[in-house]
Amino acid sequence: MNSPTSQPRRKPKRQPSHSKDPGGKEFGQEKSQRSTKPSPNSKSSSNKSPSNKSPINKRQGLNKKRTGPQKPRPKVTPLSVAETQVVLLNKPFDVLCQFTDEGGRRTLKDLLPIAGIYAAGRLDRDSEGLLLLTNNGQLQAKLTQPNKHTFKTYWVQVEGDVDDTAIQALSQGVELKDGPTLPAKVRRLQQPESLWPRNPPIRERRNIPTTWLEICIREGRNRQVRRMTAHVGFPTLRLIRYAIGNLSLDTEQGQCLQPGEYRTLSEAAIKELLHD
């Protein structure tokens with residue numbers, strides 16, 4: 001017998017077709033979303049870029065030739081022999097092979113009062129000797145062309161007593177990191193009588209002798225002579241470029257240009273240099 005206070009049992013409500021699952025999604029909505037989701041292989045306009053242009057088309061646009069008149073390149077008038085200047089300078093130690101330096105170091109401007117000339121080739125700051133300068137761009141390019149194979153002569157003081165094996169190796173060519181060197185002309189040399197003292201002087205060791213060499217090469221790699229002598233076991237202590245081709249530090253009076261001194265070539269010498 002039921003108690004007077006008892007309530008009649010209610011039937012559970014039927015869940016609607018769009019009831020939510022434990023994750024919060026409605027079953028009906030999920031089905032509709034699946035039916036409207038585009039296939040990966042289907043083409044949709046929403047996947048296209050707003051510009052509707054591919055990168056290939058952009059590159060093709062950049063590579064199109066310009067139409068219309070173009071400005072002609074200015075012609076460089078070659079200088080005559082009378083207009084050409086060639087200066088031979090004995091560059092001292094610790095001078096940069098340029099005319100300006102933001103660090104306040106010594107440059108060619110401190111040595112040469114001549115304007116409008118530029119170095120044909122370079123010489124390291126810690127090297128000394130012959131430097132050619134000219135206002136003739138064509139001559140400058142000619143003097144620095146590698147295919148000309150112009151021999152450059154160096155006086156080199158190395159540490160140690162150089163033996164015949166090292167001289168033969170340098171003459172035949174040695175293997176450096178940037179490739180083998182071309183055969184060179186190498187011979188022992190007595191200290192030149194016209195040699196000037198270096199400031200500051202080189203370091204000397206009481207128990208280790210030094211040797212002077214004359215090395216002629218027809219290449220122009222970075223610090224090549226120093227790397228060559230170091231490769232055969234004789235580090236370079238002092239390096240002086242004595243000559244470039246037929247031009248040298250010697251003056252017409254048979255003397256040698258001193259550090260910081262320079263001389264200019266005559267018109268006859270310049271003409272010979274231009275037509276060589």
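Visitor: Is Asp164 buried, partly exposed or exposed?
Guide: In this predicted model, Asp164 has a relative accessible area of 55%. The exposed class begins over 50%. Asp164 is therefore exposed.

Visitor: Which residue does the side chain of Asp164 meet in a salt bridge?
Guide: Asp164 lies in helix H4, residues 164-172. Its partner belongs to strand S7, residues 185-189, so the pair ties together parts that are 24 residues apart in sequence. The distance from N to O is 2.9 Å, and the residue is Arg188.

Visitor: How many salt bridges does the structure hold?
Guide: The pair of Asp164 and Arg188 is one example of a salt bridge. Asp124, Asp126, Arg223 and Arg226 are linked in a network of such bridges. For the structure, the number of salt bridges is 13.

Visitor: How many residues apart are Asp178 and Arg221?
Guide: The side chains of Asp178 and Arg221 meet in a salt bridge of 2.9 Å, N to O. Asp178 stands in the loop between strand S5 (175-176) and strand S6 (179-180), whereas Arg221 stands in the loop between strand S8 (210-217) and helix H5 (224-231). The pair thus links distant parts of the chain, and the separation is 43 residues.

Visitor: Is Arg221 buried, partly exposed or exposed?
Guide: The relative accessibility of Arg221 is 21%. Buried means under 20%, and exposed means over 50%. Because the value for Arg221 falls in between, this residue counts as partly exposed.

Visitor: In which helix is Arg227, which also meets Asp178 in a salt bridge?
Guide: The side chains of Asp178 and Arg227 meet at 3.0 Å, N to O. Asp178 belongs to the loop between S5 and S6, and Arg227 is 49 residues apart from it. The helix that holds Arg227 is H5.

Visitor: How many of the eight residues of S8 are buried?
Guide: Strand S4 (residues 152-159) runs antiparallel to S8, and eight bridges join the two. S7 also pairs with S8 in the antiparallel sense, over five bridges. S8 is mostly covered, and the number of its residues that are buried is seven.

Visitor: Which residue in S8 is the bridge partner of Arg187?
Guide: S8 pairs with S7 as well as with S4. For Val158, the bridge partner in S8 is Thr211. For Arg187, the bridge partner in S8 is Glu214.

Definitions and conventions: Residues are numbered from 1 along each chain as its sequence is written. This is a predicted model: local features need pLDDT of at least 70, side-chain atom pairs count only at pLDDT 80 or more; totals for chains, interfaces and linings use all residues. Side-chain values use heavy atoms; hydrogens and water are left out. A salt bridge is a side-chain nitrogen of Lys or Arg within 4 Å of a carboxyl oxygen of Asp or Glu. Helices (H or I, at least four residues) and strands (E, at least two) are DSSP runs, numbered from the N terminus. Buried means under 20% relative accessible area, exposed over 50%, partly exposed in between (1.4 Å probe, protein chains only). Two strands pair if DSSP finds at least two bridges between them.
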